[in-house]
Amino acid sequence: MGGNSRKFKKAEKSKIKLKGAVLPKGTNVTKTNFKVRKIVLPDQLKQRNLTQAAVLSNKSLTLKDCLAKLRQNNASSKTEGLRGVREILGKMPSEVQSMLSNVIRDVTSLAVDLERDVRRDCYKTLGCILVACGPTGAVPFFDLLLSFLRCAMTHIQARIQEDSLLLLDVLLQHSPALILTNRDKILPQFLDMISKLRAENKPGRTLTINLDRQSTSTRWRANVLMRLTAILKILLESKVAKDCPAEANVGESEAAEAADLDNPFASAVAEQQLRKGPQLNHVFDGNGPMFLPLIKSHLCTTCPMDVLFRKTAEKDSGLSLSERVDDGQKMKMYIEMLIPLLFESWLEVRPPVNEAVEEHALSQEAASTLDLLLTIFIQLWKLTVQYCAETNNNDLKQWFRGQYSANFASHILKGFPYYQSGSQTQTQPKKARTTSEPVLERVDDKCYKQNFNICFFFCCLNEQFRSIRKRKSDTGYTRVVEYVKSCVLNWKFRGVEATNLLLQVLRFILLDADSTTVNEETRALLNTLLEVYITARLPQDIRNRILVLFCDIIVRSDTLWRQYGKELFTLWLKMLPNLLCKPTIDMVVLRALLCLAQRNNAAFLDVLEANAKQIVANAGTIRVTNEREPGEGRALICNLIFYIRDRSLLQELLAVDCAKVADRSVREQLLSTVEMRCEMLK
């Protein structure tokens, strides 16, 4: 090694050193006579057709490339592929339509991915696809969507189970028909998130405690129960739409035709439509024949044999779960599973009940939980009422009352009324939300919504709450009436929802129940409402709704009005015709006044005749709000004049007052109406 080094140094020293020398001309020019080879791209990187840039994503990826990225193991590649699908869908939806089956399959498969960001991006992309598909475009893929939803709900990973609720939210919003059709397949896995079966062959369930989750068990149950309310809401709306489909057919068909023009997923072949009956023209034509549809369409349907011969709704112990195919039995089975879980959920969060305390304070979680539980209670009750009305059999309703009225009174009504404690008014520090749990909003301090729902559901569970006969539930009804009366006397609420709930409770207590007798508590509540209506300065819309309630009590049930006592309504009836002398009046109020006149209410007609001249003079200038068609309200005022009983007064109106009305159309209507009435009273 050493000898070689010395030889190298000696050779370097012997080289000629060109210090300061200049190279000859032409020796410092770069040579360009070399050859190059073409660059060949691999097969998977194909040349893009830049003339059709709309079908590419922002990173120049085709739809097939985006779907290929979804099948890779890298989370960033999957996210990039999902973003590309959304971009292509926004630019040219028809490109996705040509590969809709592959797109839904590859995108939905990421609903059970281990990466949280990929799952959230998958739900977002799936929502965009379902919006573009429309209500019927995703129908062939319902089984695929349902299988991945059930997979996510029963996944071994707790985070995937939690995020499955977000997938359920997407389907509830964009494909409610999927949830409605497959509710029997979804609800068992749905309830497994918060409970487990006590026995394999029985529907009874018990709550489970989730200690491995970041959120508390109470919040997780509230998160699950929020989706349950959405499912029950869809079921209720579907039954209402099934009962009255004819009302929406005309508008929906026009909207569907307009939507199909902009929907690239709409089929070129028109879907098969049910044969519709002839459309009725409800505009009166004096020269044409009169058609009165005396038979309702839903009364012509065939009565099912199982409903005809079923005599009781008692539990059939010999039937297994798979054999309970009747809708009533299914509903009863779900009620048996749900309501005990709801009571158990409330018992975990409710405050200690002290009989000496008038009101009980609730924490924020307890108030939110109570709101959800009462919403589900009322939804289940409405479904039961709808089923009983369809089958003309009240056995299921009676079973519901007998089974759960005592538990509701002991568990929930025992601490009524509630309010929210002020210990949690301070806002808690925000944390990064890694789960799908919603932010629990602070409810009203007085818990008006919860308390009014308790009043309403208690009256639903006790059929004869207005009865004079003393019952065990009389103490509970007394508490309900006293609370409602105190709210009526201090009519100050923070939102429209609480006002609507109070009016709903008042209508149900005073009118809508089946009982025809009236006890002292109910009569005192009606008297309080009348006094507040006459003396208090309530908003006009609330006064109109209370006025309609009073009119319905008088018109819809003459027996009930006599039970309350006619003397309660005398002063109020004398005030009503004065509304026709004011500058404005609501259309709903006009219909109620016309209904009183048609029923020949003597107290109302006496004051109507006393103010007839002022009403006629004001008919040309009064403004009627909430009219469906212009001039409809003034026509009702003319119809009110028709029910005047004094012929001499009618002749005086015909000779003097009607001719002074400035509006020509109103003047002609008044003259024709008064002339017709005078001819009838000869």
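Start by selecting the cysteines: the structure holds 0 disulfides, a disulfide being a pair of cysteine sulfur atoms within 2.5 Å. Click on Cys-460, which is in no disulfide; its nearest cysteine sulfur belongs to Cys-459 and lies 7.1 Å away. Is Cys-460 buried or exposed? Cys-460 counts as buried, at 1% relative accessibility. Here buried means under 20% relative accessible area, exposed means over 50%, and partly exposed is in between (1.4 Å probe, protein chains only). Now hop to Cys-581, which is partly exposed at 31%.

A word on what you're looking at: this is a predicted model, where local features need pLDDT of at least 70, side-chain atom pairs count only at pLDDT 80 or more, and totals for chains, interfaces and linings use all residues. Residues are numbered from 1 along each chain as its sequence is written, and side-chain values use heavy atoms, leaving out hydrogens and water.

Next, the inside. Then pick Phe-569, which touches Leu-526, Phe-550, Ile-553, Ile-554, Trp-561 and Tyr-564, leaving aside residues up to four places away in sequence; a contact means heavy atoms within 4.5 Å.

Finally, zoom out to the whole chain, where buried residues make up 44% of the 682 residues.
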